[in-house]
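Welcome, and please open your viewer. We will stop at a few places in turn, selecting residues as we go.

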Amino acid sequence: MLPAVVKLCCGISYPHVRSATGLERIAMAAIGQEIAHMSKGGVLTVPRWASAVGQLRSVPHSGEKSEVLTKRPVALREEELAYVKQGQEALQKALDIVEDKTGWKIEISEKNGDVIYSKTLPGSRKVFRLEAVLDASPEELHDHLFVRVEQMKQWNPNIRNIRVLKQIGDSTMVTHEVSAETPGNLIGQRDFLSVRHCSKQKSCIYLAGMATELESYPPLKGFVRAQDGPTCIIIQPTGDDTGRSRFTWLLNMDLKGWLPKSIVNQALPRAQADFTCYLRRHLSAGSELRQH
């Protein structure tokens with residue numbers, strides 16, 4: 001998710017890049033992949049966790065069952081079922097984090113109303129939750145952050161490439177993302193291999209994801225493979241007939257390598273806010289084109 005997307009699964013505005021230095025700039029660039037982690041052709045090796053796949057279950061949220069955006073394919077292979085299962089589990093774990101109201105504190109509060117919170121999970125992993133309102137419907141955001149994930153590099157300069165390796169119906173995909181080369185990148189670029197899953201509950205859309213494994217798709221030469229997830233984006237209408245959406249994004253990422261944790265924890269929430277600016281700019285440009 002979204003995935004991550006969107007992942008998932010982001011952008012850094014140029015002013016912040018110019019003001020950032022050293023390892024902070026590296027960490028900020030790596031976040032460009034989170035929202036992108038949200039698959040067309042290709043033969044994949046069954047990951048090690050596939051043998052443990054049992055009967056698929058729905059992903060509960062607030063006491064209700066969720067449903068995929070479209071009907072699930074009727075003839076999925078074992079490896080495909082495994083990816084769907086992993087995506088569902090990622091969503092459930094991410095929602096558990098988001099819905100636990102304890103331990104959150106404000107990291108950034110923007111003038112436009114965006115707020116980023118953080119909390120520390122067991123094991124000292126720090127996660128971040130962005131809350132924003134965007135001028136687009138849930139369906140539009142789903143289209144930009146999940147359906148057209150491969151086009152994200154066109155409006156996010158911190159993404160070099162996104163490739164959907166395997167598409168499983170309309171609800172699940174396996175993606176490979178590569179971060180763009182940025183000035184001051186002392187430890188090399190990152191690549192991500194993720195499973196992304198989309199689910200809908202009434203008017204709310206969920207984009208979830210987490211890192212996956214493929215023996216046939218090792219890290220790119222010269223790259224450090226970072227890991228994300230479980231992560232999720234929650235998109236729901238504001239309920240005021242304006243066509244806008246409430247946008248909640250849980251960012252949960254391990255950049256790997258030797259990057260100091262203190263630098264990562266400073267850079268990720270700032271870059272998360274900057275990605276939202278990129279997304280707003282993209283949405284605004286699309287709106288202007290439609291008007292003309």
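Before the first stop, a word on terms: strands here are DSSP runs of at least two residues, numbered from the N terminus. Keep in mind, too, that this is a predicted model.

Select residues 105-109, which are strand S1, and then 115-120, strand S2. The two pair in the antiparallel sense over four bridges. Which residue in S2 is the bridge partner of Ile-106? Highlight Tyr-117 to see it. Five residues sit between the strands of this hairpin, and Gly-113 in the turn has a positive phi of about 100°.

**Stop two: the largest nonpolar core.** Now select Leu-141, Leu-145, Leu-207, Phe-247 and Leu-279, the residues with the most contacts inside a core of 37 residues. Helix H4 (138-147) and strand S11 (245-251) are among the elements that give two or more residues to this core. H5 gives the most, with seven. Zoom in on Leu-279: its contacts include Leu-134, Trp-155 and Phe-247. Apart from this core lies another, of 14 residues, including Leu-95, Val-98, Val-127 and Tyr-206.

**Stop three: the largest pocket.** Show Met-253, Asp-254, Leu-255, Lys-261 and Val-264, which lie nearest the centre of the largest pocket. Its volume is about 230 Å³, and 15 residues line it. Which element gives the largest share of that lining? Select H5, the source of four residues. By class, the lining has six nonpolar, four polar and five charged residues.

Notes: Residues numbered from 1 in each chain as written. Predicted model: local features only at pLDDT ≥ 70, side-chain atom pairs only at ≥ 80, totals over all residues. Heavy atoms only, no water. Pairing = 2+ DSSP bridges. 1 Å grid on protein atoms, 1.4 Å probe; cavity = no way out; pocket = protein on both sides within 12 Å on 5 of 7 lines; lining within 4 Å. Points joined across faces, edges and corners; volume = space filled by probe spheres on them. Nonpolar A, V, L, I, M, F, W, Y, C, P; charged D, E, K, R; others polar. Core = buried A, V, L, I, M, F, W, Y, C linked by side-chain atoms within 4.5 Å. Buried < 20%, exposed > 50% of the residue type's maximum accessible area, 1.4 Å probe, protein only. Contact = heavy atoms within 4.5 Å. Lists of a residue's contacts leave out its neighbours within four places in sequence.
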